[in-house]
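Here are my notes on this one, for when you open it for the first time.

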Amino acid sequence: MKWFFWQVLYRLVAFPFGVLLTIANFFLSLTYRYDTEGSIDIPENAILFTSHSDVYGLCLHPAVRTGGRFNTVWLGYHGVTPYIFAVWDHFCGLRYWCYWRRGPVPKREQIIEFMKNHPSNRLGLATDSGGPYGKARASLIELSQRTGRPLVAIRMRLSHSIKFLNHHLPLPFGKIVAQVSDPISGEALALETLQARLDNPLK
């Protein structure tokens, strides 16, 4: 009952802001051109990792919005900010799953349990959530090792944007290019490798 109460409260607070974001994203998306570079072979059980600074580009790119090539469940947490984006997610048919940041089960264990229960679903996450942005975390290695899933880096390159609170905010009439790395297998799991791919997935 406690968790249900917080979910309802978060959604009520987030909903009006989510509607405004959805309207803005819809009209902004009509002004953009899109492309994808890099790997075309993304394993269906991959863990896709990106930077939190790319979240607005991710929202707009059709490969993310409409499933298709990425066809991924995106990771969030139960809270007001993710639920603001959830309105847009529902509008686009984008799938997401949320964990509890506080509770009897550590969040990493919740995420691993989700992946084990959904072995054919890709999982997308921002490795640097909470900051510092642009830094790959060692937790990616643990997630890959404990689930046997390969890692794939994805970055959004925006032709027109402004930077606000370390987020790249798209400006109208631009282009978004999704850069996708080759799958990173177990033998290449090193933090330096993941950081290099986060900096440049095509490297």
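1. Start with the sheet. Seven strands make it up, it is open, and its order is β1-β9-β6-β2-β5-β3-β4, with mixed pairing. At its edges stand β1 and β4; each has a single partner strand, so one side of each is left without a neighbour in the sheet. On average, neighbouring strands here are turned by 25 degrees against each other, ignoring direction. Do keep in mind that this is a predicted model.

2. Strands of a sheet pair through backbone hydrogen bonds, and they do so either parallel or antiparallel.

3. Now look at β5, residues 122-126. Is this strand enclosed or left open? Four of its five residues are buried, that is, under 20% relative accessible area, so β5 is largely enclosed by the rest of the structure. In the sheet order it sits between β2 and β3.

4. Both of those neighbours are worth a click. Strand β2 (residues 47-50) pairs with β5 in the parallel sense, over four bridges.

5. Strand β3 covers residues 72-77 and runs parallel to β4, residues 96-99, with four bridges joining the two.

6. Finally, the surface. A nonpolar patch there is formed by F15, V19, I23, F26, F27, L30 and F91, and together they have about 700 Å² of accessible area. Which element gives the largest share of the patch? Helix α1 (residues 2-29) does, with five residues.

7. L30 lies in the loop between α1 and β1 (33-38). Its relative accessible area is 57%, and since the cut-off for exposed is over 50%, L30 counts as exposed.

Note on methods
Residues numbered from 1 in each chain as written. Predicted model: local features only at pLDDT ≥ 70, side-chain atom pairs only at ≥ 80, totals over all residues. Heavy atoms only, no water. Patch = residues over 30% accessible without salt bridge, like charges linked within 9 Å, V, L, I, M, F, W, Y side chains within 5 Å. Areas by Shrake-Rupley, 256 points an atom, 1.4 Å probe, with all protein chains shown as cover. Salt bridge = Lys/Arg side-chain N within 4 Å of Asp/Glu carboxyl O. Buried < 20%, exposed > 50% of the residue type's maximum accessible area, 1.4 Å probe, protein only. Pairing = 2+ DSSP bridges. Axes fitted to C-alpha atoms, helices over the stretch in contact; angles between N-to-C directions.
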